[in-house]
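Hi,

Here is the structure I promised to pass on. Have a look at it first, and then read my notes below.

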Amino acid sequence: MKRLSGFLILLMLTSMIASCGSLASVGSGSTIKIVSSLPRTGSSKGQTDSIVNAIKQRLEEADYKACDGAFTIVYEDMDDATAAAGKWDAAQEASNANKAAGDSAVMVYIGTFNSGAAKISIPILNQAGLVMISPANTYPGLTKPGKGEADEPAKYYPNGTHNYVRVVPADDLQGAAAARWAQSLGAASVYVLDDTELYGKGVADVFEATAKELGIAVKARDGIDGKAADYRALAAKIVAAAPDMVYFGGITQNNAGQLLKDIRAEGFMGKFMGPDGIYETAFIEAAGADAEGVYATFGGVPAEKLEGDAATWYANYKATYNAEPEVYAVYGYESANVAMNAINSVCKQDRAAIQSAVMGTKDFKGILGTWSFDANGDTSLTSMSGAQVVAGKFEFVQPIK
Amino acid sequence: MATSHPRVAQGVPWRSIGKILIVIFCVLFLTLPLIEMVKAMIADPQLLVRQLLIGLTNGAYIALIALGYTLVYGIVELINFAHGDLYMLGAFFSLTLVGVFSLTPETPWLIRGPLLVVVLLATMAFTATLNMLVDRWAYRRLRGIGSRMAALISAIGISFVFQNLGLLWGYLRFPFMNGVMGSNAVAPKSFPALFPNVNLLAGTGVRFGAKDLIVVGVSVVLLAALYVFVTRTRLGKAMRATAQDRDAAALMGIDVNRTISLAFILGGALAGASGMLVGLYNGTAVFDMGFTAGLRSFTAAVLGGIGNIVGAMLGGLLIGIISALSDQYISTKWTNAVVFGILVIILVYRPTGLLGDDTAQKA
C-alpha cells in the first residue's frame, strides 16, 4: 500500500511538472492562443472537421496575426471525444477546459459542439476568466434564465459574470420552429422521444410544449436508452399509438439511426423529424435506406443558400478544402471572426478585456449579416431552416420560423 | 449458508424480515400500476401479442449469447466477460462477408439464401476459432494457479482488446468490401436489409415479420442442436463429466483441456451466429454493441441459473419478454431498472437462479 501511494505521489508530481513546463514554454507576450474543443473522434467528426476547417480559414485570412502583426495567433484543435465513448466525453471535456484555463496564453476557447459538454466547461472557464464562444450549442438553459432548470443559467457562472456566448440560435427557437413546421407539414398528432441528454431532452421539451399550444395532439413522451440494441418494442408501441409524426430530440450518436430503422421495420409510415443533432451525413449512413424522407431543423441557412459575404465564404471554403461544408462550418468561421474582432480591438494579452470585448459585440458585420450578442450571450440572429433527406442527402426545404 | 453465518441462524431472522419487507414494498407500490398494466393489456390484445412476439424474438438471440456464458461457466467457473464483444466481432465479420459477396436486398433468393448460410457458418467458425485461441493463449495458462480472479481479470482485458479490434475494423477500407463500413470508422455500420420484412400474420392485426421468424427459427435450431449435443453425445457426456469434477474426469481418461476448448468453441460459435442474426435483424453493427448485449445475456444466464443450459434459454426468453412488456406498459427509460429489479428479487429467493442447483450437474 505504501509503495502504491508513493507511486501515486510521484505520478502527481510528474504531471504537475509536466503541466508547469507547458505553461512556461508558451508564456511569451506576443503570442495569443485560440483553442477549440470539439468531438474530433466518432461520428461527429464530419461536422467538426468542417468547423475546424472554417476556423483555420478565418485565421489564415489574417495570416495568423492580430493587431497589425503585434500578436501571433496560435490555434490548437482539441478533441473532447474519446474513441471508447464514440462521442463527447465529460472527463475529456473537463480536462480540455482545465488545460486551456491553466495555459496563460490562451485567450479564447471555441467550443463546445454538444450542449452537455458546455455544461462542464463553462464553470471551469468562468472561474479562469476565459471567454468561450460556441459554434454549435443550442440548449437554452446555458444562457437564458427561465428556459431551463430553475437554477440555470446562474449555476454555470460561479463568478457571477457571463463568459459564454454562442453564434447559433438556441433551441427555444428551434424546438418551437420545428413544432410549427410539423403543423404546416400536416402533422395533427406527434409522438415525442428524446435521448435523455441535456440537448435532446431540452429541444424535445420545447417541441412538446409548442405542439400542445398549437393544438397538435401529443400522443406520448418517452426517453430512449442511447445504448440499447434495438427499439422494436417501443416501435410497436408507437405504431399502436398511430401518430402522424415521430419527433426525436437527440443526436445521431445516441442511436437515432437504429431508432428510425426499428420504427420503419415495425411498419410506421408517418413522418420522422429531428433537430440539428441528426442533421449530418453520419445519421443518413446509420439509418441506411430508412433515412429517406426524414425531416430535420437547424439554426441558420444551409451553406449553398447563403448570400452576400457568406456566399463568398462558401465559395472560398469549397476552393480551399475541396469539400462541401457541413451545416455548422459557417458558425465555426463566425466564432473565429468574433474572436479575432475582439482581439484586434483589445490588442492586449488580457483575458478580462478580451472577454468583455466578445460579450459586448454589437452590430457586428459578420458573414451571417449584422448581428449582436444580448446580455445573456445569445445571438440576435433567429433564422431557422427545415431540411429533408432526398436521395441519401439532406436537402434544404424552406426557411422556418 | 447457515454454517458460514451463524449469527443469522441464531439471532434475529434478518433474512426473513428482509424478504417480508420486500413483499410489503411490492404490494404497496406495485399493485395499482399492475392493475393499470393488466387493463391496458386487455384493452389491446393484438398489441400484447405483438409485444410478446418481440420479446420471444429478442429472447431467442439473448439466449444464444447467454449460452456462451453458461457453457464456459459451467465447465471452468469463469465469467467470460469478453463474450459480448465476441458477439460484436461476429457481427462485424458477417457484415464484411456481406460486403465481399456484395449481397443486397435485390439479390435473388436463390443466390442470397445459400450465401447467407455460408456467411452464417463462416461467422460461427470465425468466432469459435477466436474463442478457442483466446482460451488457449490467455485462460489456459492461468487455470493451474488456483486463482479464479486472474482468469476473470484477463477476460475483462480480452473484452477491451476485442472492443478495440471492432474499432479498428471500422477503419478497414479494402475495395473488395464494397464500402460496407461507411465513411466513418467509429459510427454505427448499416447492414443491408437482407432478411425480408413481410408480415406473416397480415390481416390479423398482429405483426410477425419473416425476419422475426428467421431469427427465432435459427436460434431454436441451434439451441436444440446444442442441447442434444450436450445430453446425447459422447463429447457432451465428457463435457458434463468435466463440469462435475475435473480431476475425476481426467482420471477417467477424458482430455480435460480439449473438453474445455470444446466449450469455448461451442460458445464462440453461438456468439458468432447471434452476431450475424442480430446484425441482419436490427440492421446495425457498432463496436460497443457487445457491452449492452453481453450485460443482458449475462443477466439472462444468471437469472436462469448460471451453468444450466435450459436455464440460460429460459432466462433469455424471460428477459426478452420482460423488456418488451416494460417498454410498452411502463416506459422505455425504466426497462433496465425493471429487468435488474426482477433479477435482484429472484436472486433473493433463489440465489442459484431459476433452474440452477448447486448439487446438479452444471453443463
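I'll start with a strand pair in chain A: strand E7 (residues 189-194) and E8(A) run parallel, with six bridges joining them. Within that pair, A:Tyr191 sits opposite A:Ala220 of E8(A). Keep in mind that this is a predicted model.

Both strands belong to an open sheet of seven strands with mixed pairing, in the order E8-E7-E9-E10-E11-E14-E15 (chain A). At its edges are strand E8 (217-223) and strand E15 (393-400) of chain A, each pairing on one side only. Direction ignored, neighbouring strands here are turned by 25° against each other on average. Helix H5 (residues 171-184) of chain A packs on this sheet, and its direction makes about 145° with that of E11(A). The strands that H5 touches include E7, strand E9 (245-249) and strand E10 (271-274) of chain A.

Now for the E14 end of the sheet. Five bridges join E11(A) to E14(A), and the two run antiparallel; A:Thr297 has A:Gly386 in E14(A) as its bridge partner. How enclosed is E14(A) by the rest of the structure? Five of its seven residues are buried, so E14(A) is largely enclosed.

There is another open sheet in chain A, with six strands in the order E2-E3-E1-E4-E5-E6 and mixed pairing. Strand E2 (65-66) and strand E6 (164-166) of chain A are at its edges with a single partner strand each, so one side of each has no neighbour in the sheet. Strand E4 (residues 106-111) and strand E5 (residues 131-134) of chain A pair in the parallel sense over three bridges, and A:Val108 has A:Val131 in E5(A) as its bridge partner. Packing on this sheet is helix H4 (residues 115-128) of chain A, which touches strand E1 (31-38), E4, E5 and E6 of chain A. The direction of H4 makes about 155° with that of E5(A).

Last, the contact between the chains: 31 residues come from chain B and 33 residues from chain A. On the chain B side, helix H3 (45-76), helix H10 (256-282), helix H11 (289-304) and helix H12 (309-329) of chain B are the elements that give two or more residues. The residues on that side divide into 10 nonpolar, 15 polar and six charged.

Cheers

Key: Residues numbered from 1 in each chain as written. Chains lettered and ligands numbered in written order. Predicted model: local features only at pLDDT ≥ 70, side-chain atom pairs only at ≥ 80, totals over all residues. Pairing = 2+ DSSP bridges. Helix = DSSP H or I, 4+ residues; strand = E, 2+ residues; numbered from the N terminus. Contact = placed C-beta atoms within 7 Å. Axes fitted to C-alpha atoms, helices over the stretch in contact; angles between N-to-C directions. Nonpolar A, V, L, I, M, F, W, Y, C, P; charged D, E, K, R; others polar. Buried ≥ 20, exposed ≤ 12 C-beta atoms within 10 Å, placed from the backbone.
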